[in-house]
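Here is a short report on selected local geometry and packing. Look over the structure before reading on.

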Amino acid sequence: MIDRQHLRIVRAIATEGTMTEAAKSLFLTQSALSHAMKKLEAHFDVQLWKKEGRKLTLTQAGQSVLGLAHRVLPQFEHTEAQLRRFADGKQGILRIGMECYPCFEWLLKVVAPFLKAFPDVDVDVRRAFSFGGLQALHGFDIDILLTPDPLSLETITYTPVFEYEQVLVMNKHHPLVKKSFVMPKDLGNETLITYPVELSRLDVFTHFLTPANCTVKQHKTIETTEIILQMVAAGRGVTALPKWLIDESKERDSLEYRSLGKLGVSKTLYLGHRKAQDVLGFVDDFIALSQSYKP
């Protein structure tokens, strides 16, 4: 039957690509690794991988086991980490994933009082998502997901925290400052600076430019909010960010903003969390606390 070690081996093979490296990563000998998997293959009479030179490639059956490993192993690892923390006299760790780059500044305001209220709980924040946030939450890689674009999943629920307006931000001397609001065609000759995420997750495209069949002259991406705002303040381009973030920015005196369209673009920040009982004992408390800190 499939056991946890089989899952760890298949995951290591998929990650490392060779028997030698997989065995090293698991602190096993190659013979022990090979023996364990041969028994599993013999039990089900199916091949889990095949050799292509020195590289190992998972078969369709192996990919099926890998999918199980990705779903189950993070839950094992998370629970074991919690147990070790309990043994050390600590309550646990709250892992927060972010699909809202500019919301980090707001999150800091919530984390500080949370840490004070829960001295035995640590907080881990993952800002740059190289994986799907919803899948990470469902797979127990994180405990809470900050997102302005909730996706439906039966095991996940979303709690609204606050509403905000997404605005076009520019240097205070920019020609568009003369307008009471901007239209999609107004950006045709502009350099737009955004975070490095897919266009499908950028509101300025999905809710403003794309529906009007418009685009910009140039699109640049920058990782950090601070550098984006400094670039815009220096007249190197425009950007689209939450209005509250600009009002609190150190660059505020050099910036102006205008609504995207006559009606503007309104968004809501949500905290996604698993519907199951709060086994950690502090997820619900963090969510309740977060609703007290609105920009």
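How many disulfides does the count come to, if a disulfide is a pair of cysteine sulfur atoms within 2.5 Å? The count comes to one disulfide.

## Basis

This is a predicted model: local features need pLDDT of at least 70, side-chain atom pairs count only at pLDDT 80 or more, and totals for chains, interfaces and linings use all residues. Residues are numbered from 1 along each chain as its sequence is written, and side-chain values use heavy atoms, with hydrogens and water left out.

## Cysteines

The disulfide joins cysteine 100 to cysteine 103, with an S to S distance of 2.1 Å. The torsion about their S-S bond is about 55°, so the disulfide is right-handed.

Cysteine 100 counts as buried because its relative accessibility is 4%. Here buried means under 20% relative accessible area, exposed over 50%, and partly exposed in between (1.4 Å probe, protein chains only). Cysteine 103 is buried as well, at 0%. Cysteine 214 is partly exposed, at 26%.

## Positive phi

Most residues other than glycine have a negative phi. Phenylalanine 27 has a positive value, near 60°. Phenylalanine 27 lies in the loop between helix H2 (19-26) and helix H3 (30-44). Helices (H or I, at least four residues) and strands (E, at least two) are DSSP runs, numbered from the N terminus. With 79% relative accessibility, phenylalanine 27 counts as exposed.

Asparagine 213 also has a positive phi, near 55°. Its place is in the loop between helix H7 (203-209) and strand S9 (218-221). Asparagine 213 counts as exposed, at 73% relative accessibility.

## H1 against H2

Helix H1 (residues 4-16) packs with H2 at an angle of about 125°, their axes 8 Å apart. Axes are lines fitted to C-alpha atoms, for helices over the stretch in contact, and angles run from 0 to 180 degrees between N-to-C directions. H1 is therefore oblique to H2: angles under 35 degrees count as roughly parallel, over 145 as roughly antiparallel, 65 to 115 as roughly perpendicular and the rest as oblique.

Contact means heavy atoms within 4.5 Å. H1 contributes Arg8, Ile9, Ala12, Ile13 and Glu16. H2 contributes Met19, Glu21, Ala22, Ser25 and Leu26.

## The buried side of H10

Helix H10 (residues 283-290) has Val283, Phe286, Ile287 and Ser290 as its buried residues. They cover an arc of only 100° around the axis, so they sit on the same side of H10. The arc is that of the directions from the helix axis to the C-beta atoms.

The buried residues of H10 pack against strand S3 (92-98), helix H5 (104-117), strand S5 (144-147), strand S6 (156-171) and strand S12 (265-274).

Technical notes
A disulfide is a pair of cysteine sulfur atoms within 2.5 Å.
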